[in-house]
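Dear colleague,

I am handing over a structure that you have not worked with before, and I would be grateful if you could look through it alongside the notes below.

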Amino acid sequence: MELDARKVTILKAIIKTYLETGEPVGSRTISKFSDLKLSSATIRNEMSDLEEMGYIIQPHTSAGRIPSDKGYRFYVDQILSEKDQEVTEMKEMMIQRVDRVELLLKKMAQMLAANTNYAAMISGPQYHQNKLKFIQLSRVDVTKLLVVTVVEGNIVKNTIIDINEPVGDEELLNLNIMLNTSLNGLTIEEINLGVISRLKEQAGHHSHVVDLVLEEVAEAIQADQEDLQIYTSGATNIFKYPELSDGEKASKLLSTFEKKDELQDLIAEINQNENSSETGIQVYIGDEMPVQSMKDCSVVTANYELGEGLRGTIGIIGPKRMDYEKVLGTLKNLMTQLDMTFKKEKGD
């Protein structure tokens, strides 16, 4: 007998309920799942089949059912399959769109520079406030485990950790289920001491494994993307302003735009600044600039949002006597345009 869609749905409901409550699960409890729309009698018949097939067991007479090792294995394999499919679909979508996104941002940087007569930069979108999507622990050898961490944006980090003592197959399976049930969908801020304490208590004598895994999770969630793209335009506009066209000053500014390392530092500073206005617009004037080569400039920046933690930065660099009113208006309009453009692409 094979598992049809209804049996799979009921098995998942049993396992999820048992993971939440720790109590054997009865047909009446399962019938309350709104998406099932099945009678208790029908669910009882399906549960009998699942028990006969070895996916669930009845710990004692008149009790509900709990998952067997076979049931847990099916559940974890389903999760792995679903996550693999998600990653594949996301990669295909990003491959199709990456060229369009790059072209769009380049054109917008050019438009900003032309409209303002200043220099412009736009960073490619990155994920912020990443949430954990999935964890998988696999045995490498007796004292080593492979930790695969998938965070929002389908960023994958693989790390091997050393453990003090062997972890059995069933224990490893239970650790995988426990970690994913407790942590999936959380940001690093939400993985607090209470969550950690509960996990370590549930892990028992393998609590040290939880400590090691959480270190890797925190690093994966907080890791900055190293391939941040910054699109610039209008760097030569600085020669239009005598106070910036001095040979040495101009040379340093042009070098900043060409190498882009300092622009990355600037964007990192912007993202860490908690004093931005409600519109997300920040203005740095002269010595307020975190980039040394721009101490004679003003920089007006804004963060554009594409939803689900996806965010980039727009910046306009010019003399301290720049037309702030025009620049602020231009930035607000561009943020709106970016938002509308990406929403349209998502709906394609």
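This is a predicted model: local features need pLDDT of at least 70, side-chain atom pairs count only at pLDDT 80 or more; totals for chains, interfaces and linings use all residues.

Residues are numbered from 1 along each chain as its sequence is written, and side-chain values use heavy atoms, with hydrogens and water left out.

The chain as a whole

The secondary structure comes to ten helices and eleven strands, where helices (H or I, at least four residues) and strands (E, at least two) are DSSP runs numbered from the N terminus. Of the 348 residues in the chain, 43% are buried; here buried means under 20% relative accessible area, exposed means over 50%, and partly exposed is in between, with a 1.4 Å probe and protein chains only. Among the contacts with a separation of 6 or more, 61% are accounted for by residues 24 or more positions apart, a contact being heavy atoms within 4.5 Å.

Helix α1 (residues 5–21) and helix α3 (40–52) have axes that come within 10 Å and cross at roughly 85 degrees. That makes α1 roughly perpendicular to α3; axes are lines fitted to C-alpha atoms, for helices over the stretch in contact, with angles running from 0 to 180 degrees between N-to-C directions, and angles under 35 degrees count as roughly parallel, over 145 as roughly antiparallel, 65 to 115 as roughly perpendicular and the rest as oblique. On the α1 side the contact involves Arg-6, Lys-7, Ile-10, Leu-11 and Ile-14, which meet Thr-42, Ile-43, Glu-46, Met-47, Asp-49 and Leu-50 in α3. These residues divide into six nonpolar, one polar and four charged, given that Ala, Val, Leu, Ile, Met, Phe, Trp, Tyr, Cys and Pro count as nonpolar, Asp, Glu, Lys and Arg as charged, and the others, Gly among them, as polar.

For helix α5 (residues 169–183) and helix α6 (residues 193–203), the axes come within 11 Å and cross at roughly 165 degrees, which makes α5 roughly antiparallel to α6. In this contact Leu-175, Met-178, Leu-179, Ser-182 and Leu-183 of α5 meet Val-195, Leu-199, Gln-202 and Ala-203 of α6, and the residues divide into seven nonpolar, two polar and no charged.

Aromatic pairs

The count comes to two aromatic pairs, under a rule by which rings of Phe, Tyr and Trp (its six-membered ring) pair if their centres lie within 6.5 Å, with planes under 30 degrees apart counted as stacked, over 60 as edge-to-face and the rest as tilted. The rings of Tyr-55 and Phe-74 have centres 5.8 Å apart and planes at 75 degrees, so this pair is edge-to-face. Tyr-55 lies in the loop between α3 and β1 (56–57) and Phe-74 in helix α4 (residues 69–116), 19 residues apart, and both are buried.

The pair of Tyr-118 and Tyr-241 is tilted, at 5.7 Å centre to centre and 35 degrees between the planes. Tyr-118 is in the loop between α4 and β3 (119–123) and Tyr-241 in the loop between β8 (230–233) and α8 (247–259), so the pair ties together parts that are 123 residues apart in sequence. Both Tyr-118 and Tyr-241 are buried.

Single residues

Asn-117, in the loop between α4 and β3, has a positive phi of about 65 degrees although it is not a glycine. Most residues other than glycine have a negative phi. Asn-117 is partly exposed, with a relative accessible area of 34%.

Arg-321 is found in the loop between β11 (310–319) and α10 (324–346) and is exposed, with a relative accessible area of 54%.

Leu-228, in the loop between α7 (207–222) and β8, counts as buried at 14% relative accessibility. Leu-228 and Gln-126 are 102 residues apart in sequence, yet 7.7 Å apart in space, C-alpha to C-alpha.

With kind regards
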